[in-house]
Amino acid sequence: MKVLVATEKPFSKAAVDGIRTIVEEAGYELALLEKYTDVQQFYDAVADADALIVRSDKVTKEVIDHANNLKIVVRAGAGFDNLDLAACTEKNIVAMNTPGQNSNAVAELAIGMMIYMARNTFKPGTGCELSGKKVGIHAYGNVGRLVANKAKALGMEVWAFDPFVPTEKMEAEGVIVPATLEELYANCDYISLHIPANEKTKGSINYELLSKMPKGGCLVNTARKEVIDEAGMEQLLADRADLKYVTDIAPANQAVLAEKFANRFFATPKKQGAETAEANMNAGLAAARQIVGFIQNGDVKFKVN
Ligand code: 3PG
């Protein structure tokens, strides 16, 4: 039984060691493909793998077509938009994620990004404080909820909108729940995005919605690039000199935004929301354990297809 870890952006050494221990104690073999630069390397490595662990690596139909023995693929992380679920299902391959395992790392980065923008990207000059400001959590899942808790501790007023979470649950946690998404954007100084990328959400954070933000508003994106209408965002930053955009996922028009809106736009050089020692360890080990649980006991608790 061969377990392949294919990570263009590798796990920490400690996390790989932990994955190896779990895999080898189960009597399986670990294969490692890190920092690959050509998809052909992925095709070759997956050919004889029985199980696959990835991060944001794209598990396309082509990857699946090259996999002759694959039974399970686990995305070590929350978002599984990088997995071609239909291709997996067609070949009877179970697809899973590891929800919650890297949430705290992402939530901490979202708060850090708010502070970074509030303090003028650490350039000299007068910034402002988060305390007393309103933050709108767009989707109250594992990450959104943690951002809400941390924001409350900083003295922020927390709003949240999530049609999949009962209003009473959010209100019981001290969160203000507006009737509509538009109201969330219209009322909050910061909007923190925590929606997945899917057919419904792609491009949904558009000019019209963002233009509802109050003066000085800031959008914080630790979710996905695809949910932003990038042309709309560029137009909005041009039309509204008061708005800011900070993102952990570089947009296609990054160079243009950085040049035109230097003090109001920032993108991390490489997605680093889940890049902590703790998150690497939690998500990597969870993925390895889920594979062992599936192979040995047929456990499909985190199956997403
Ligand atoms: C996730 O969906 O869990 C995050 O986006 C983390 O992605 P990464 O594993 O590529 O850092």
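## Second largest pocket

In this predicted model, the second largest pocket has a volume of about 570 Å³. Its lining comprises 21 residues, of which Ser-56, Asp-57, Lys-58, Ile-249 and Lys-271 are the closest to the pocket centre.

Sorted by class, the lining of this second largest pocket consists of 14 charged, four nonpolar and three polar residues. Both domains contribute to the lining: at least three residues come from each of domain 1 (2-101 + 275-297) and domain 2 (103-267).

The residues surrounding the ligand are Lys-9, Arg-55, Ser-56, Arg-75, Gly-77, Ala-78, Gly-79, Asn-102, Arg-224, Lys-271 and Ala-274. In terms of class, this shell holds five charged, four polar and two nonpolar residues. Ser-56 and Lys-271 belong to the shell around the ligand, and both are also listed among the lining residues closest to the centre of the second largest pocket.

A polar backbone atom of Ala-78 is 2.6 Å from an oxygen atom of the ligand. For Lys-271, a polar side-chain atom lies 2.7 Å from a ligand oxygen atom. For Arg-224, an N or O atom in the side chain is 2.8 Å from an oxygen atom of the ligand. On its own, the ligand has 320 Å² of accessible area, and the protein covers 94% of this area.

## Domain arrangement

The domain assignment divides the protein chain into domain 1, which is formed by two segments (2-101 + 275-297), and domain 2 (103-267). The C-alpha centres of domain 1 and domain 2 are 31 Å apart. Across the boundary, eight residues of domain 1 are in contact with five residues of domain 2.

How many cavities of 30 Å³ or more does the structure hold? There is one cavity of this kind. The largest cavity has a volume of about 40 Å³. Its lining is made up of Leu-210, Met-213, Leu-219, Met-233, Leu-236, Leu-237, Leu-243 and Lys-244.

Conventions: Residues numbered from 1 in each chain as written. Predicted model: local features only at pLDDT ≥ 70, side-chain atom pairs only at ≥ 80, totals over all residues. Heavy atoms only, no water. 1 Å grid on protein atoms, 1.4 Å probe; cavity = no way out; pocket = protein on both sides within 12 Å on 5 of 7 lines; lining within 4 Å. Points joined across faces, edges and corners; volume = space filled by probe spheres on them. Nonpolar A, V, L, I, M, F, W, Y, C, P; charged D, E, K, R; others polar. Domains from an automatic or database assignment. Near = heavy atom within 4 Å. Polar contact = N/O pair within 3.5 Å; in protein donor to acceptor, adjacent residues only side chain to side chain. Areas by Shrake-Rupley, 256 points an atom, 1.4 Å probe, with all protein chains shown as cover. Contact = heavy atoms within 4.5 Å.
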